[in-house]
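Hello,

Here is the structure I promised to pass on to you. My notes on its cavities follow below.

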Amino acid sequence: MKNVCAGIWILLIICLVCGCSSSGQPVRDETAYQERPQDNENQIVVGFSQVGSESDWRNANSESFRSVFTEENGYYLVFEDAQQKQENQLKAVRDFILQEVDYIVLDPIVETGWDSVLVEAKDAGIPVIIVDRQVKVEDDDLYTCWVGSDFRREGRLAGKWLEKYLESQGRGKDRIRMVTLQGTPGSSPQIGRTKGFASVMKRHKNWEMLEYQSGDFTQAKGQEVMEHFLKTYDGIDVVVSENDNMTFGAVEAIEEAGLTCGPDGDMIVLSFDAVRAALQAMEAGKINADFECNPLLGSMVSDIIHRLERKETVDKIQYVDEQYFDSDMDLSAIMDGRAY
Ligand code: GZL
């Protein structure tokens, strides 16, 4: 293993001298800075640039890395929370290069803007593994592989579920007025879920998408956007919300407006992620269906790194298994068996 002590100490001294911690700067996860081992030779040093901590999904995703990339498992994890700012991720990757980590793991907040920093990592001979969201780069050889969800499939599944549900309610030919709370603009889950659902919607002339607006995957923004939709449009039939935290905000706004949602409500709510709190909200009758996005990527990435350590090849694209849930299912049994 590359001895990263010198690089890290230089970086730490630079930080101390220039006082680089101010609001909006990358938030270092102090737990990642466990007592630095005298010698990293026996540890695989991994630099992980995480999007932020904007959602329940994100927290489960971060935990899946922290719980796998431990000293006991032979790793030294340098965890950087970018607070949903791409410039913080670019800085984090350059820090990792300075520290001469053995691997860089990047969850890119949006798909574009990564070419130059990935060229720098390649020139430094550091393999980059992309997780969760995807990058759009000129040369796909700039990263070793990608692990995550099929976001378009998630969107298609939501559209197909709605088709069946409306038919079952005798509303297959009704005029259906919809709104969509989108995720972070330009992120793979936003692009994929929007396009996937739209590929089903175009089969239905009676479905009308009144407006798309980004709630940036957060609960607060989701509530704000839903309040705007409720003020602007009468008779919304369906709310498509591209993650559970925006859904929690949307439900708040709907109920504060004196309306109801879910299987017995004024409007149908379709959500994405299927975190525990959302399944509990579904059990309480607030959400009709939730399309899972599996955050448990840590062990998959660790397996990839071990294969790379053994000089084995790895698949370029690796999807995680996912399903969906709706209010007709035995949700308490499902929740008992789930890690998040
Ligand atoms: C999807 C992930 C998204 C989740 C949101 O893989 O990137 O980001 O759907 C999270 O909850 O904020």
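α6 (188–201) gives the most to the lining of the second largest cavity, namely three residues. Helices here are DSSP runs of H or I with at least four residues, and strands are runs of E with at least two, numbered from the N terminus. This is a predicted model, in which local features need pLDDT of at least 70 and side-chain atom pairs count only at pLDDT 80 or more, while totals for chains, interfaces and linings use all residues. Residues are numbered from 1 along each chain as its sequence is written, and side-chain values use heavy atoms, without hydrogens and water.

A cavity is a set of points, on a 1 Å grid over the protein atoms alone, where a 1.4 Å probe fits but cannot get out, and lining residues have an atom within 4 Å of a point. Grid points are joined across faces, edges and corners, and a volume is the space filled by probe spheres set on them. Two cavities reach 30 Å³ or more.

The largest cavity holds about 100 Å³. Among its 13 lining residues, Trp-57, Arg-58, Arg-133, Phe-217 and Asp-273 lie nearest the centre. Six of the lining residues are charged, five nonpolar and two polar. Where does this cavity lie? Domain 1 (7–149 + 295–309) and domain 2 (151–293 + 326–336) both contribute to the lining, so the largest cavity lies between them; the domain bounds come from an automatic or database assignment.

Best wishes

Note on methods. 1 Å grid on protein atoms, 1.4 Å probe; cavity = no way out; pocket = protein on both sides within 12 Å on 5 of 7 lines; lining within 4 Å. Nonpolar A, V, L, I, M, F, W, Y, C, P; charged D, E, K, R; others polar.
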